[in-house]
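Good morning, colleagues. Please have the sequence and the structure in view while I speak.

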Amino acid sequence: MAFVALGQGSAGNSAAPTKASRVAFILLAPGMIYLGLFFLTPLVSLVITSLKTASFTGEIGMYDYGFQVSNYAYALEQYLPQITRSFVYALIATLMALLISYPIAYFIGVKARAKPILQAFLLTLVIAPFFISFLLRTFAWKQIFSNESPATQFLQSIGVLAPDQYVIGSSFAVIAGLTYNFIPFMTLPIYTSLERLDTRLVEAGADLYATPAQTFWKVTFPLSLPGVISGTLLTFIPISGDYVSASRDFLGGSDTAMIGNVVEANFFRIQDYPTASALSVMLMAAIVVLVSVYVRKSGTEELL
Amino acid sequence: MATEFVARGQDLELVGIHKEFPGFTAIENLDLKIPAGEFFALLGPSGCGKTTTLRIVAGLEEASRGKVLIGGKDVTASKPHERPVNTVFQSYALFPHMSIVENVAFGLRQRKVSDPLAKATEALQLVELEHLALRKPQQLSGGQQQRVALARALVNRPALLLLDEPLGALDLKLRRQMQVELKAIQMEVGLTFLHVTHDQEEAMDMADTVAVMNKGEIEQMGAPEALYDRPKTAFVARFLGQSNIFVGDVVEENDHSISISCNGQRIAAPKKRSEKHSGKVALGVRPEKATFHEQKPDLDSNHNLVGPGEIIDIRFTGVSNQYLIDVPGFGDITVFAQNVGKSPVVELGAQVWVSWKVEHAFGLSDLPLKADNDEA
């Protein structure tokens, strides 16, 4: 509404701002001020920090303004394994979340349509984890996978794990934690898409000689793509930057560190602010590139 | 079965179809046979079970009891995608993410028919929409979408084409135009059409055979002319066109006719046009078969006469005037008079007598219910 009013005001009447455009500006102002203060300013500060040079005095944690682009090369060279791992973990966890969420979303959005109470109950179950802090939930997983836990002992007893192998600290534990934490972000958008699915189209597919599986891939799935796209984006982007699950305080170990953990270590332990900032900027740039390629490739701009 | 390419229509047979939904019975013991190549209309009010019947034929709904045979083969247990049947859905159900030509080619691709796009384009030519082949369904008007839905079903040359009120969403002019086109296409491709509708004009206009369905049962079936000329139940008499119905006890029965006494006046109908010959009987006549007179006419025994009554409503409908005449003891009688300049010029409140030839009267097997009155 406000954007429309703004557009009309500036394009249609160039002489004096109309009343409508003034109202639009007033309505937009709080958001603009907020974004300027809490998004644009830190972003500029981050880019400036990422280009700083080591202090002339050599004191730890002190940096001078500069234009040291080599900070980026250094960060990339130093932390390439962690960068790669972040995206591999994010990819696997996103796929896992998709595989788990789609059937849940399908059941709630299509099969449970005739029973609104069941539908509401199941939706509540999906968002129920949000009632508890995700730090606490990740701690709970740490307990479940702890070295003395029945789960770990069971896995050892049936030979999945060797007696001296543990779950905590493994890639499996980190990916499982990431997947678990982001399932609601995947389920809800897919549910929203499937809830709108016209089941008469599924009947039309069957009428036109398509088996249930063929109808799913040719009709149901393509029509739920907007939900799948937003679900995967809402999952992939935060997982790439996640530092809780992979942290050694939670589910991670010595060789599960992701970009988030490296950024954290550089900021707070090593106090290497330029490298930490360079990593953050690179992560952001990589995500922007990946996401735009993804959205374009999936050809769903018009559906989004 | 679905893989073979059926060139001509096949016959459909429903044997003892029964369908129960939780709490009500949608279809009761339905037997129906539609010969190959026929345009068959299933006509009835909403909720009469006609759409359920169609869905059972398509396999989208499972019958509680009974058998469905297409071309003599029992397909009762077949899944919808295995049946040689295509449906034109009421909502069209075009796939919104596919172009028009891909929608039409969908069935061909499923059956791995060679050159699906060329055949789809050909089908679009039949409905004169080939210039819109690359558009998406939502860019088309309702009438165009309807034609795409028709092309998408026809292109598969199904043994049986099912039409679920496909013209319901169109405006009157477009609907009449589509009726003509649909009938022409059916004659051209020679497929069996099963058309479900609540529009009696549409059914009579297009179908070779009409079955009138009410409360899950077929009340009467036959050629449109026969059904209109001699309805056998009060429901058919009033759902298919309009009827004036008179109820009374049979007071005279001879070789040719029966007469009832209605409010002291005798009304006769030919015996061979009457279902019941004794007891309480309902006789009817179509409004266009009745005429009215300003003076009591002197008529022979080949005519029925009631009156006097008062004209309480006159409606001008273009080709005819519709008069509503209140005759004490008989209720309201409707008379159509064509606007050919010959009908008597009368005004509201005029006193008139209504007459019609005995040969035009028909006798019903049941008595009209109050609900039927409301529907008419």
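I shall discuss a sheet and a helix of chain B, and then a residue of chain A.

The model is predicted: local features need pLDDT of at least 70, side-chain atom pairs count only at pLDDT 80 or more, and totals for chains, interfaces and linings use all residues. Residues are numbered from 1 along each chain as its sequence is written, while chains are lettered from A and ligands numbered from 1 in the order in which they are written.

In chain B, 6 strands make up an open, mixed sheet with the order 6-7-8-3-9-10. Helices (H or I, at least four residues) and strands (E, at least two) are DSSP runs, numbered from the N terminus; two strands pair if DSSP finds at least two bridges between them. Strand 6 (85-88) and strand 10 (217-222) of chain B are at the edges with a single partner strand each, so one side of each has no neighbour in the sheet. Strand 3 (residues 39-43) and strand 9 (residues 209-214) of chain B run parallel, joined by 4 bridges; Ala41(B) has Val210(B) as its bridge partner in strand 9.

Finally, Thr138(A) belongs to helix 5 (residues 134-144) of chain A. With 19 other C-beta atoms within 10 Å, Thr138(A) is partly exposed. Its C-alpha is 31 Å from that of Lys111(A), 27 residues away in sequence.

Methods: Buried ≥ 20, exposed ≤ 12 C-beta atoms within 10 Å, placed from the backbone.
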